[in-house]
Amino acid sequence: MSDEKTCIRCRETKPASEYRRRPDVMGRLYNRCKTCDAAYLRRWRIDNPGHMSEWRANNPNYHREWRAENRDQENRCQRERRAKNVEKERHRSRACHQRRRARRRSQELAKLENYLNETGNLRQDEASK
Ligand SMILES: [Zn+2]
């Protein structure tokens with residue numbers, strides 16, 4: 001194996017250190033030098049704007065692992081949020097209940113007042129007769 005390699009892209013003969021190692025073939029180097037490879041990658045990223053989703057598809061566990069690491073924190077947040085909501089919910093329903101009861105009572109009072117007025121009027125009518 002020679003220490004120099006000719007890049008298929010720029011046709012320059014460069015030392016092996018200027019080539020990246022192929023991860024799939026042991027001891028083999030890429031046919032493109034690092035400079036051309038970087039340019040190719042940049043070009044490829046522009047041509048493939050969806051490569052991130054592809055990367056995600058190739059790394060399906062990444063997000064799950066991240067979540068597992070952050071699960072405790074996430075759970076605590078959720079619990080706190082829920083507790084806060086329950087408190088708010090309870091408060092709201094209590095307020096609603098009180099308001100409803102107050103309204104009913106005032107309606108009953110109004111009804112009673114009406115009744116008393118009417119009977120009072122009746123009595124007054126009767127008395128005036
Ligand atoms: Zn090159």
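**Chatting through a predicted chain**

User: How confident is the predictor, going by the average pLDDT of the chain?
Analyst: The chain averages a pLDDT of 82, and 90% of the residues score at least 70. pLDDT is the predictor's confidence in each residue, from 0 to 100. This is a predicted model, so local features need pLDDT of at least 70 and side-chain atom pairs count only at pLDDT 80 or more, while totals for chains, interfaces and linings use all residues. Residues are numbered from 1 along each chain as its sequence is written.

User: OK, what's the secondary structure?
Analyst: There are 3 helices and 4 strands, in the order β-β-β-β-α-α-α along the sequence. Helices (H or I, at least four residues) and strands (E, at least two) are DSSP runs, numbered from the N terminus.

User: Which elements have the lowest and highest mean pLDDT?
Analyst: Helix α2 (residues 51–58) is lowest at 74, and strand β2 (residues 13–15) is highest at 96.

User: And how much of the chain is buried?
Analyst: Buried residues make up 3% of the 129 residues. Buried takes 20 or more other C-beta atoms within 10 Å of a residue's own, exposed 12 or fewer, and partly exposed is in between, with C-beta atoms placed from the backbone.

User: Is Y19 buried or exposed?
Analyst: Y19, in strand β3 (residues 19–21), is buried because 20 other C-beta atoms lie within 10 Å.

User: What is Y19 in contact with, beyond its neighbours within four places in sequence?
Analyst: K5, L29, Y30, C33 and K34. In contact means the C-beta atoms, placed from the backbone, lie within 7 Å.

User: New topic: what's up with the phi of R11?
Analyst: R11 has a positive phi of about 65° and isn't a glycine. Most residues other than glycine have a negative phi. R11 sits in the loop between β1 (4–6) and β2, and R11 is exposed, with 8 other C-beta atoms within 10 Å.

User: Last one: how far does helix α1 reach?
Analyst: Helix α1 (residues 34–47) has 14 residues and reaches 19 Å from first C-alpha to last, close to the 20 Å expected at 1.5 Å a residue. The expected span is 1.5 Å times one less than the number of residues. α1 is hardly covered, with 1 buried residue among its 14.

Notes: Two residues are in contact if their C-beta atoms, placed from the backbone, lie within 7 Å.
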